[in-house]
Amino acid sequence: MEGILFPRGVVEGREGLEDYLARGGYRALEKALKGQDPETIVQEIGESGLRGRGGAGFPTGKKLAITRECVEQPHYVVLNGGEDEPGSKKDRLLMENLPHLVIEGLILAAYAVGAEKAYLYINREYQAATQSMAGGLAEAREAGYWGGHLLGSDYSLELLLISAPPNYVAGEDTAALEVIEGREPLPRQKPPFPAAAGLFAKPTAVNNVETLANLAPIIARGAKWYRTFGTEQSPGTMIFSLNEEVNRPGIYELPFGTSLRFLIEDCGGGIRDGKTIKAILPGGPSTAFLPSDRIDISLDHRSVLEAGSSIGCGVVHLVTEGECMVEETLRIAEFFSRESCGQCPACRMETNMLAAILKKVQQGQGGEALLEQFSKVIDFNKGKGFCSLINMPGPPIESALRLFRADFEAHLATGRCLNN
Ligand SMILES: Cc1cc2nc3c(=O)[nH]c(=O)nc-3n(C[C@H](O)[C@H](O)[C@H](O)COP(=O)(O)O)c2cc1C
């Protein structure tokens with residue numbers, strides 16, 4: 001079974017059914033169907049401490065338990081393969097290279113919540129991933145791992161592939177449900193949350209691809225084994241993405257609790273061109289910047305939260321010395337302004353305003369009073385949208401301003417970056 005938990009060793013090329021079976025694949029499903037009731041599966045996942053890898057870190061066992069316990073029928077499971085977070089490639093690579101690991105996780109989740117149907121919602125721009133998963137589905141069906149009476153049991157499951165629009169909001173769980181129901185990717189107001197009232201208003205567990213890729217190893221080897229990796233509150237491993245700022249961009253799966261320095265220096269080969277770090281964005285564009293002296297921070301949910309940021313979905317972005325935080329935050333604000341679906345007036349107004357204020361700062365228009373506007377706009381709109389996109393631009397902008405005010409003051413005074 002070695003290698004299942006650590007895809008790093010096996011991500012070179014696509015793993016077909018034969019190779020997956022040869023290293024213990026589908027053994028977890030056989031074990032579950034032949035000897036464990038669904039409650040035991042949910043309990044085991046709960047005990048493993050697995051937390052969602054889609055960004056929020058919600059306990060997976062808890063989500064499956066909520067769906068499972070709903071009396072309303074039928075129940076559904078959705079694999080969320082939207083992955084439009086800038087710089088994130090982990091879900092796409094898992095689907096391209098380890099389709100059966102992902103499919104087995106999805107089937108286990110469906111069995112655990114008592115779903116008769118599960119959907120694979122995959123970004124339509126990821127053609128290799130879609131093809132790989134479609135091929136995996138065909139191989140797995142042929143072998144009896146899904147369809148009618150799985151492996152001769154009483155349980156039957158239908159799996160359906162859905163093409164997801166390639167925009168950021170389409171990855172939000174309720175927007176995904178809208179698409180599956182045949183509508184535009186517009187988030188729904190919550191509550192109710194999908195776990196209790198999701199697809200066609202029925203209980204639905206929506207899970208990230210990487211999250212589901214953890215289920216087979218957990219069921220095959222047990223929660224106790226899983227907890228031998230990572231920390232008490234963040235057990236297991238997480239796949240981190242590094243991009244062009246380092247010498248070896250790529251995805252790296254590491255146990256939670258590994259230091260950020262190890263990820264950057266040992267995995268990523270250090271910063272390109274021997275540059276030094278100015279700021280760290282530890283979990284993607286919606287997380288707060290950390291100063292460079294936090295490079296030894298432990299990569300786990302609690303440590304990053306205590307440092308004032310969040311681990312998000314593991315895309316680590318590094319700003320190097322000489323780069324300007326006004327330009328950085330403007331790029332982020334423009335991203336959210338572009339990606340806001342426009343459904344909620346508060347989100348449209350907030351994201352547009354933040355980008356416009358930053359543009360003014362960049363061009364040196366207006367006095368220091370402009371810098372006080374950010375928090376006012378952010379605080380006024382907090383929580384006023386159907387989804388959390390409205391809360392996303394706040395942390396990077398407010399932290400950049402707090403940590404690197406001189407960059408903003410220089411732009412206001414001269415219309416240029418501090419170092420130019
Ligand atoms: C704007 C927005 C975009 C999102 N995009 C994705 C995505 O592409 N993939 C994903 O798994 N979760 C995404 N999420 C989070 C999902 O709403 C949801 O929390 C996640 O799929 C739950 O899976 P998990 O519990 O396994 O993390 C997004 C959330 C928001 C607010």
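Trainee: What volume does the largest cavity have in this structure?

Mentor: Start with the general idea. Rolling a probe the size of a water molecule over the atoms shows where empty space is left. Keep in mind that we're looking at a predicted model. Here the largest cavity comes out at about 80 Å³, and the structure holds three cavities of 30 Å³ or more.

Trainee: Which residues of its lining are closest to the centre of the largest cavity?

Mentor: There are 13 lining residues, and the closest to the centre are Cys341, Cys344, Cys347, Cys387 and Leu389.

Trainee: And how does the lining of the largest cavity divide by class?

Mentor: Nine of the residues are nonpolar and four are polar, with no charged ones.

Trainee: Okay, on to pockets. How much space lies in the second largest pocket?

Mentor: A pocket is an open set of points, whereas a cavity is one the probe cannot get out of. The second largest pocket here has about 340 Å³ of space. Its lining counts 15 residues, with Pro86, Leu281, Pro285, His317 and Ile332 nearest the centre.

Trainee: Which element gives the most to the lining of that second largest pocket?

Mentor: That's H14, with five residues. Helix H14 spans 325-339, and both this helix and strand S9 (315-320) supply at least two residues of the lining. Look at the domains too: domain 2 (237-284 + 291-320) and domain 3 (325-414) each contribute at least three residues to the lining of this pocket.

Trainee: How many charged residues does the lining of the second largest pocket have?

Mentor: Four, along with seven nonpolar and four polar ones. Compare that with the largest cavity, whose lining has no charged residues.

Trainee: Now the ligand. Which residues come nearest to it?

Mentor: Count as the shell any residue with a heavy atom within 4 Å. For this ligand that gives 19 residues, and the nearest are Gly54, Lys63, Glu83, Asn208 and Thr211. By class, the shell is made up of four nonpolar, nine polar and six charged residues.

Trainee: Where in the fold does the shell around the ligand come from?

Mentor: Strand S4 (residues 204-208) provides the largest share, three residues. On the domain level, domain 1 (7-226) and domain 3 (325-414) each give at least three residues to the shell.

Trainee: Last topic, the backbone. Which residues does a cis peptide bond join?

Mentor: Pro74 sits in the loop between helix H4 (60-69) and strand S1 (75-81). Another cis bond joins Lys190 and Pro191, also with omega about -5°. You'll find Pro191 in the loop between helix H8 (173-180) and S4.

Trainee: And which residue has a positive phi although it is not a glycine?

Mentor: Tyr26, with phi of about 65°. Look for Tyr26 in the loop that runs between helix H1 (17-22) and helix H2 (27-35).

Definitions and conventions:
Residues numbered from 1 in each chain as written. Predicted model: local features only at pLDDT ≥ 70, side-chain atom pairs only at ≥ 80, totals over all residues. Heavy atoms only, no water. Helix = DSSP H or I, 4+ residues; strand = E, 2+ residues; numbered from the N terminus. Nonpolar A, V, L, I, M, F, W, Y, C, P; charged D, E, K, R; others polar. Domains from an automatic or database assignment. 1 Å grid on protein atoms, 1.4 Å probe; cavity = no way out; pocket = protein on both sides within 12 Å on 5 of 7 lines; lining within 4 Å. Points joined across faces, edges and corners; volume = space filled by probe spheres on them.
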